[in-house]
Amino acid sequence: MVNIQKKLFSSKSKIIDLKNLSDKSIKDSIRLGKISQYNLENELCKNNNSNYIKATRIRQSLFREKSGNNFKIPIDKFNSNNFYEKILNKNCENVIGYIPIPVGCIGPITINKEVCYIPMATTEGALVASTNRGCKALNNGIKSYVINDGMTRSPLVNFSSVQRSIEFKTWIENNFDLLKKIFNSLTKFGNLKSIKCNLAGINVYIRFNATTGDAMGMNMLGKGSSKCLEEIKKYFPDMKILSLSGNTCTDKKSSAINWINGRGKSVIAEAIIDKNIVKNVLKTDVNSLIELNYKKNLIGSSLAGSIGGFNAHASNIITSIFIATGQDPAQNIGSSNCMTLFEKLDDGNLHMSVTLPSLEVGTIGGGTGLPGQKECLKMMGINDTLLAGGNSKKLSMKISGAVLAGELSLLSALTTDDLIKAHMKLNR
């Protein structure tokens, strides 16, 4: 083994023969610091892509030995459809396997006159069945509207005095066109919409807001706002850049600013449900639904001090679709801001709506290009034929429709005490 290592790691030798070594030899070399387990794929797979699974197997074995736990995370069939090549250096590091998640389907559901089938990746029994029941009750269809579109990023800078911070804020307000030109020059599909500054003493939180085409847009905003800061530095050399994100964006955290001003796609979906459908399909009545929604989702959430949580379980539907379609699951926090409303119409039928002010989605980038996730998007009618930005808007509207169906079904079940019965049957 020592002779092999001397030959393999001599200054005149390149690491090109790892694929011919046994797992044990490679692990011994990693322990000696001759090979980085972090870069194992790059070294092991230089001449043989099939060794991606071998890299994963070796790394899992190492972590199993280090942890002292005999875990066995699935790795077989990992590189079918070149899956591993797609995630490498893009979606995950220190890969030790994959976790299979069941994907269910709801539908048909008609959204903006299009008959849809929507995938939901979840391990919560009864969720898909319940949401699908809501679809059946929405036979008149759903209308969905994107009323605002803009991803945000909020760098944090500071100065030596409040007066200087105010001068900076004034300059930003008077030079938006200059910064917009710089921002837009970096991207084909991005368009800077606004820049707003919030002051806290000598600290300035700059909230850039831009449309980002079909991308969710965080990288686009990060790149654009960073370039703008370079330009601003010419006029304010005393400006200290503390962070590219000062948390007033706000990303992956609950915040009133997203609930009030929106982030990503702001979407409203509405539907009219016939009172007979409410009675015969949902097994309840219009008045009971309205009362429950008011006292649970509005009063109850207010007593809890909720920010954006004026709904029954919007996050359930949103997160399951996020996982299925390659969105960032952590963004379910802001994306699940939702207000569910019921109103009785003059004819006795039920008007229902869900308002989602900060749905953060994209159809390119991140996990959207992975094989399974791409097929789920395809299932939802997401393709490359729409103009830039059209696909991400379409996705957001379909998600809003699914949320409406899920809210309708759960609230109906709560009025009849069917919720616990369903979970005892499907989720035990």
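**Pocket and rings**

Modeller: The lining of the largest pocket takes the most from α15, with four residues. This is a predicted model, where local features need pLDDT of at least 70, side-chain atom pairs count only at pLDDT 80 or more, and totals for chains, interfaces and linings use all residues. Residues are numbered from 1 along each chain as its sequence is written, and side-chain values use heavy atoms, with hydrogens and water left out.

Colleague: How are Y52 and Y84 paired: stacked or edge-to-face?

Modeller: Rings of Phe, Tyr and Trp (its six-membered ring) pair if their centres lie within 6.5 Å; planes under 30 degrees apart count as stacked, over 60 as edge-to-face and the rest as tilted. The structure holds seven aromatic pairs. For Y52 and Y84 the centres are 5.0 Å apart and the angle between the planes is 10°, and the pair is stacked.

Colleague: Is Y84 buried or exposed?

Modeller: Buried means under 20% relative accessible area, exposed over 50%, partly exposed in between (1.4 Å probe, protein chains only). The relative accessibility of Y84 is 0%, so Y84 counts as buried.

Colleague: Which type of pair do F159 and F236 form?

Modeller: The ring centres of F159 and F236 are 5.9 Å apart. Their planes stand at 70°, so the pair is edge-to-face.

Colleague: Which residues outside its sequence neighbourhood does I147 contact?

Modeller: Contact means heavy atoms within 4.5 Å. Neighbours within four places in sequence are left aside, and the contacts of I147 are then S266 and I268.

How values were computed
Helix = DSSP H or I, 4+ residues; strand = E, 2+ residues; numbered from the N terminus.
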